[in-house]
Amino acid sequence: MTRPALPEGFEVPLHRALTEPIFLAGVPRSLAIVNGTLAAAVGLGLQQWVAGLAIWVVMQAIGVFCARHDPQFMEVLARHLRHRSFHGC
């Protein structure tokens, strides 16, 4: 089924960059920044290089998994945490 033609002047090109979330290394930008900061704090501040690297790898893998299923999962998680539970759980 084809779309009916719109009158002249009612079509505007929309670039993908305006509709897709910003990702860094496959995860939302906010999660990538928090992940890198936490891993650097553990690795450099506590001098636990292996633990910092492990934290980064695990959080990055979880973030990529979640972002593949729902690219806006960080916004949904933030909204979920902001609202109180209806049943008091």
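Analyst: Let's start with Trp49, which sits in helix α2; helices here (H or I, at least four residues) and strands (E, at least two) are DSSP runs, numbered from the N terminus. Bear in mind that this is a predicted model, where local features need pLDDT of at least 70, side-chain atom pairs count only at pLDDT 80 or more, and totals for chains, interfaces and linings use all residues. Residues are numbered from 1 along each chain as its sequence is written, and side-chain values use heavy atoms, with hydrogens and water left out.

Is Trp49 buried or exposed? With a relative accessibility of 56%, Trp49 is exposed (buried is under 20% relative accessible area, exposed over 50%, partly exposed in between, using a 1.4 Å probe and protein chains only). Setting aside neighbours within four places in sequence, Trp49 touches Gly43 and Leu44, where contact means heavy atoms within 4.5 Å. Glu75 is 26 residues from Trp49 in sequence, and their C-alpha atoms are 31 Å apart.

Now follow the chain to Gln72, in the loop between α2 (49–69) and α3 (73–82). Gln72 is partly exposed, at 45% relative accessible area. Between Gln72 and Pro28 there are 7.9 Å in space, C-alpha to C-alpha, though they're 44 residues apart in sequence.

How confident is the predictor? On pLDDT, its confidence in each residue from 0 to 100, the chain averages 88, and 96% of the residues score at least 70.

Terms used. pLDDT is the predictor's confidence in each residue, from 0 to 100.
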